[in-house]
Amino acid sequence: MDINKLTQKSREAVQDAQALTIEYGNMQIEQAHLIYALLAQESGLIPQLLTKMGAEPEAVKAAAQAAVSKLPKVPGPGRAP
């Protein structure tokens, strides 16, 4: 994936997902990391779309965070970026 071909918001979401992956000690970026990162963006498109669909963005964000917390963790120094 060439990150230079992504929009600024998309790049930010991938970078935030990577930071979340490191924070939770996961092996790789998963869908839950990216979903959470997209939902956490200020004035992002995804929360607006969910609201228009009648969904609660905060509930979806909480579910994504719960999914991230259930992912396998990699202990030790080998998990550096």
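Guide: Start with Ala64. Leaving out residues up to four places away in sequence, Ala64 touches Ala32, Ile35 and Tyr36. Keep in mind that this is a predicted model.

Visitor: What makes these residues count as touching Ala64?

Guide: Contact requires heavy atoms within 4.5 Å. Ala32, Ile35 and Tyr36 meet that for Ala64.

Visitor: Which residues make up the largest nonpolar core?

Guide: The core has 6 residues: Leu20, Tyr24, Ala32, Tyr36, Ala64 and Val68. H1, H2 and H4 are the elements that give two or more residues to this core.

Visitor: What makes a set of residues a nonpolar core?

Guide: The members must be buried residues of the nonpolar kinds, joined through side-chain atoms within 4.5 Å. In soluble globular proteins, nonpolar side chains tend to be buried together.

Visitor: How do H2 and H4 meet, and at what angle do they cross?

Guide: H2 covers residues 31-40 and H4 covers residues 57-70. Their axes come within 9 Å and cross at roughly 145°. The crossing of H2 past H4 is left-handed.

Visitor: Which residues make the contact?

Guide: H2 contributes Ala32, His33, Ile35, Tyr36, Leu39 and Ala40. H4 contributes Pro57, Val60, Lys61, Ala64, Gln65, Ala67 and Val68. By kind, the contact of H2 with H4 has 10 nonpolar, 2 polar and 1 charged.

Visitor: Why is Val14 called buried?

Guide: Val14 has 19% relative accessibility. Buried means under 20%. Val14 therefore counts as buried. Val14 is in helix H1, residues 8-24.

Visitor: What does Val14 touch, not counting residues up to four places away in sequence?

Guide: Val14 touches Met1, Ile3, Leu6, Ile29 and Leu34. As for Glu42, 28 residues apart from Val14 along the chain, the two C-alpha atoms are separated by 15 Å.

Visitor: Is Thr21 buried or exposed?

Guide: Thr21 stands at 5% relative accessibility. The cut-off is under 20%, so Thr21 counts as buried. Thr21 also belongs to helix H1. Beyond its neighbours within four places in sequence, Thr21 contacts Asn26, Gln28, Ile29 and His33.

Visitor: Why is Gln15 called partly exposed?

Guide: Gln15 has 46% relative accessibility. Buried needs under 20% and exposed needs over 50%. The value for Gln15 falls in between, so Gln15 counts as partly exposed. Gln15 lies in helix H1. Its C-alpha atom is separated by 9.2 Å from that of Leu34, 19 residues apart along the chain.

Visitor: How do you know that Ser43 is exposed?

Guide: Its relative accessible area is 65%. Exposed means over 50%, so Ser43 qualifies. Ser43 is found in the loop between H2 and helix H3 (45-52).

Visitor: How many helices and strands are in the chain?

Guide: There are 4 helices and 0 strands. From the N terminus on, the order is α-α-α-α.

Visitor: What share of the chain counts as buried?

Guide: Of the 81 residues, 26% count as buried. The chain exposes about 5,700 Å², with carbon and sulfur atoms supplying 59% of it. The C-alpha atoms fill a box of roughly 45 × 30 × 15 Å along the principal axes.

Notes:
Residues numbered from 1 in each chain as written. Predicted model: local features only at pLDDT ≥ 70, side-chain atom pairs only at ≥ 80, totals over all residues. Heavy atoms only, no water. Axes fitted to C-alpha atoms, helices over the stretch in contact; angles between N-to-C directions. Left-handed = near helix turned anticlockwise from the far one by under 90°. Nonpolar A, V, L, I, M, F, W, Y, C, P; charged D, E, K, R; others polar. Buried < 20%, exposed > 50% of the residue type's maximum accessible area, 1.4 Å probe, protein only. Areas by Shrake-Rupley, 256 points an atom, 1.4 Å probe, with all protein chains shown as cover.
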